[in-house]
Amino acid sequence: MELQEGEREPRREVVHRAVSDRSVTGDARVLQRLAAVEESCCPASPSLDPVRRDIQPYMRRILVEWMFQVCEEQQCEEEVFPQAVLYLDCYLSRFATGRSDLQLLGAVCMLLASKMRDSVHLTAAKLSIYTDNSVPLSAILQWELWVVSRLDWCLPSVVPSDFLEPILHGLPFVQPQHLLDMCRHVHAYVALAATDCMFPAFLPSTLACACVSMASWRLKLVDRGGVPQSVVLVLAQLLSTDASSILLCYHHLGSLLEEKMPSLLHQGPGL
């Protein structure tokens, strides 16, 4: 089938990316630095407070799912989507936003996140097309400066995916042949968690640990009878953090998976 004029087409053919550097990801200081930085990131409100009184949870979910579809279709880096959702929640937790501006805000957050995280960033023109041109290019460019200034230009931040490789290199039961599947599972869980308004209450490192615990259970890398407690304790020690918060996040993640993909928890290790 040929593309009609104006239809969306693949974003790019081949983009060369840097490979993982074990001398960096295997250094314990990386986790310590990430943990220190995440404390200073803009906190996202875990609930719909009075600032967001006009925005209901289902509206945020619809918007975030659309953002995920755009990032997937455009083959963005794995960190772009959770970074965009972080910007979205930071903004909504601090500033009143009308319902009619939600998609515009979501498009701007994706534009900013891709500029921060991707080697070939999204363009405002392409994002306008994804709104079926209901959001004009000029509005996206105006709101880009507006959002950045209202977030005090604090765009560098930490998302759960940033912790993934350093954590995996610190786990004794994760072998090199497991890395690809572990990363695939964890990225999927992080993206799913971003669609639920409960998870902004957890630190990125906590969510990353919960996702790694879930992936370890799904891939049968540890004795299922000992998960999540055994893995959670190892992760808590690795990050010098509270095991109870990781365990709580793990159970919330399990409930979300049971709700959204009930067959996933009862089938084999493939997603």
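A disulfide is a pair of cysteine sulfur atoms within 2.5 Å. The structure is a predicted model, in which local features need pLDDT of at least 70 and side-chain atom pairs count only at pLDDT 80 or more, while totals for chains, interfaces and linings use all residues. Residues are numbered from 1 along each chain as its sequence is written, and side-chain values use heavy atoms, with hydrogens and water left out.

**Exercise 1. Cysteines**

Task: Determine how many disulfides a search of the whole structure finds, and state how far the sulfur of Cys-249 is from the closest cysteine sulfur.

Solution.
Step 1. The search of the whole structure returns zero disulfides.
Step 2. For Cys-249, the closest cysteine sulfur belongs to Cys-211 and is 6.6 Å away, too far for a bond.
Step 3. Burial is assigned from relative accessible area: under 20% is buried, over 50% exposed, and in between partly exposed (1.4 Å probe, protein chains only). Cys-249, at 0%, is buried, whereas Cys-197, at 26%, is partly exposed.

**Exercise 2. Overall architecture**

Task: Describe the secondary structure of the protein and the share of its residues that count as buried.

Solution.
Step 1. Helices (H or I, at least four residues) and strands (E, at least two) are DSSP runs, numbered from the N terminus. The protein has twelve helices and zero strands.
Step 2. Of its 271 residues, 48% count as buried.
Step 3. A contact means heavy atoms within 4.5 Å. Among contacts with a separation of 6 or more, 78% come from residues 24 or more positions apart.
Step 4. The accessible surface, from the Shrake-Rupley method with a 1.4 Å probe and only the protein chains shown as cover for residues, comes to about 13,700 Å², and 55% of this belongs to carbon and sulfur atoms.

**Exercise 3. Nonpolar cores**

Task: Identify the residues that touch the most other members of the largest nonpolar core, and locate Leu-122.

Solution.
Step 1. A nonpolar core is a set of buried Ala, Val, Leu, Ile, Met, Phe, Trp, Tyr and Cys residues joined through side-chain atoms within 4.5 Å. The largest one has 45 residues, and Met-67, Met-110 and Ile-140 touch the most other members.
Step 2. At least two core residues come from each of helix 3 (57-73), helix 4 (80-94), helix 5 (102-117), helix 6 (124-130), helix 7 (137-150) and helix 9 (179-194).
Step 3. Leaving aside residues up to four places away in sequence, the residues that Met-110 touches include Trp-66, Met-67, Val-70, Leu-122 and Leu-127.
Step 4. A second, separate core of 43 residues includes Val-158, Ala-208, Leu-219 and Leu-257.
Step 5. Leu-122 lies in the loop between helix 5 and helix 6 and is buried at 2% relative accessibility. The C-alpha atoms of Leu-122 and Gln-74 are 8.0 Å apart, although the two residues are separated by 48 residues along the chain.

**Exercise 4. Aromatic pairs**

Task: Count the aromatic pairs and classify the pair of Tyr-91 and Trp-143.

Solution.
Step 1. Rings of Phe, Tyr and Trp (its six-membered ring) pair if their centres lie within 6.5 Å; planes under 30 degrees apart are stacked, over 60 edge-to-face, and the rest tilted.
Step 2. By this rule there are four aromatic pairs.
Step 3. Tyr-91 and Trp-143 have ring centres 6.4 Å apart and planes at 45 degrees, so this pair is tilted. Tyr-91 is in helix 4 and Trp-143 in helix 7, so the pair ties together parts 52 residues apart in sequence.
Step 4. Tyr-91 is buried at 1% relative accessibility, and Trp-143 is buried at 16%.
Step 5. Phe-199 and Phe-202, with centres 6.2 Å apart and planes at 45 degrees, form a tilted pair; both residues are buried.
Step 6. Tyr-91, Phe-95 and Trp-143 form one aromatic cluster.
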